[in-house]
Amino acid sequence: MLKVTNFSYSYGSNEVIRDFSLELKKGDFVILLGPNGAGKTTFLNSVCGLFSNFKGEINFNNISLLTNQVAYKKNVGFIADEPMILDYLTGMQYLNFIADIFEIADNNRNKLVKYYVEKFKMTDIINNLIITYSHGNKQKISIIAALIHSPKLLVIDEPFTGLDPFALKIFGEVLEEESKKGTIILLATHILPLVENLGNKIILVNNGKFKKIPHYHNVKKIEKEYEEYVNV
């Protein structure tokens with residue numbers, strides 16, 4: 001379980017998120033919808049452990065992020081909006097580097113790397129330097145790197161930039177697979193049509209405030225709730 005209790009975050013004297021609580025169980029797939037600057041990235045950066053100067057508590061399976069960061073982060077995979085990778089490694093070298101950090105045994109890493117590299121159609125370029133990759137292919141490597149240690153909590157912030165329609169389809173399939181395996185997924189975006197068929201929960205975010213709504217799996221109904229909440 002992911003348990004966020006009385007979460008607040010401030011930039012100096014500006015409190016951008018106040019007193020938000022959330023409990024998620026195994027397999028929950030949550031879409032955070034909101035405009036730019038709404039507070040989505042601040043919240044997700046805190047949940048994955050990049051920000052630690054928040055108020056409140058964040059626990060995963062009774063492991064506190066504040067008191068046991070290493071044990072907490074072993075459970076987490078993170079995909080940012082901009083790929084944060086090492087350009088002068090090959091794709092395969094980078095994936096092995098990440099697998100080494102998480103101490104993934106060779107047989108497990110080889111199986112998972114092969115599966116995801118083939119699924120995202122990267123076999124022909126996986127041994128090329130990352131600096132030669134397009135933005136979309138860099139994002140694919142970031143996605144694979146976040147998955148190869150089989151995280152139990154997957155945090156994803158605006159991941160769709162640069163992905164072509166095929167990659168978007170595959171990415172959606174992979175996320176649904178992860179959710180069915182029991183991974184908790186938090187995905188933030190402001191692109192409504194892409195999330196119509198993803199996830200089982202929706203949270204609207206605006207000006208640091210969070211509102212849970214039903215996941216209608218109908219983009220028109222989601223748009224209506226979204227527009228009312230953000231006053232579009």
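User: How many salt bridges does a search of the whole structure find?

Analyst: Side chains of opposite charge can pair when their charged atoms come close. A salt bridge is counted when a side-chain nitrogen of Lys or Arg lies within 4 Å of a carboxyl oxygen of Asp or Glu. The search finds 14 salt bridges in the whole structure. The model is predicted, so to speak of local features requires pLDDT of at least 70 and side-chain atom pairs count only at pLDDT 80 or more, whereas totals for chains, interfaces and linings use all residues. Residues are numbered from 1 along each chain as its sequence is written, and side-chain values use heavy atoms, with hydrogens and water left out.

User: Which side chain does Arg109 meet in a salt bridge, and does Arg109 count as buried or exposed?

Analyst: Burial is read from relative accessible area: under 20% is buried, over 50% is exposed, and partly exposed lies in between (1.4 Å probe, protein chains only). Arg109 meets Asp100, with 2.7 Å from N to O. Arg109 counts as buried because its relative accessibility is 6%, while Asp100, at 47%, counts as partly exposed.

User: What separates Glu118 and Lys114 along the helix?

Analyst: Helices are DSSP runs of H or I with at least four residues, strands are runs of E with at least two, and both are numbered from the N terminus. Glu118 and Lys114 both belong to helix α4 (residues 106-119); they are 4 residues apart, which means a separation of about one helical turn. Their closest N and O atoms are 3.0 Å apart, in a salt bridge. Glu118 is partly exposed, at 40% relative accessibility.

User: Which residue forms a salt bridge with Lys211?

Analyst: The partner is Glu225, and the closest N and O atoms are 3.9 Å apart. This pair links distant parts of the chain, 14 residues apart: Lys211 lies in strand β10 (residues 209-213) and Glu225 in helix α7 (residues 219-230). Lys211 counts as partly exposed, at 34% relative accessibility, whereas Glu225 is buried, at 17%.

User: Which residues are linked in a network of salt bridges?

Analyst: The network links Lys119, Lys169, Glu173 and Glu177.

User: How far apart are the mean positions of the positive and negative charges?

Analyst: Lys and Arg count as positive, Asp and Glu as negative, and His and the chain ends are not counted. Each charge is placed at NZ of Lys, CZ of Arg, CG of Asp or CD of Glu. For the 26 positive and 25 negative charges of the protein, the mean positions are 5 Å apart.
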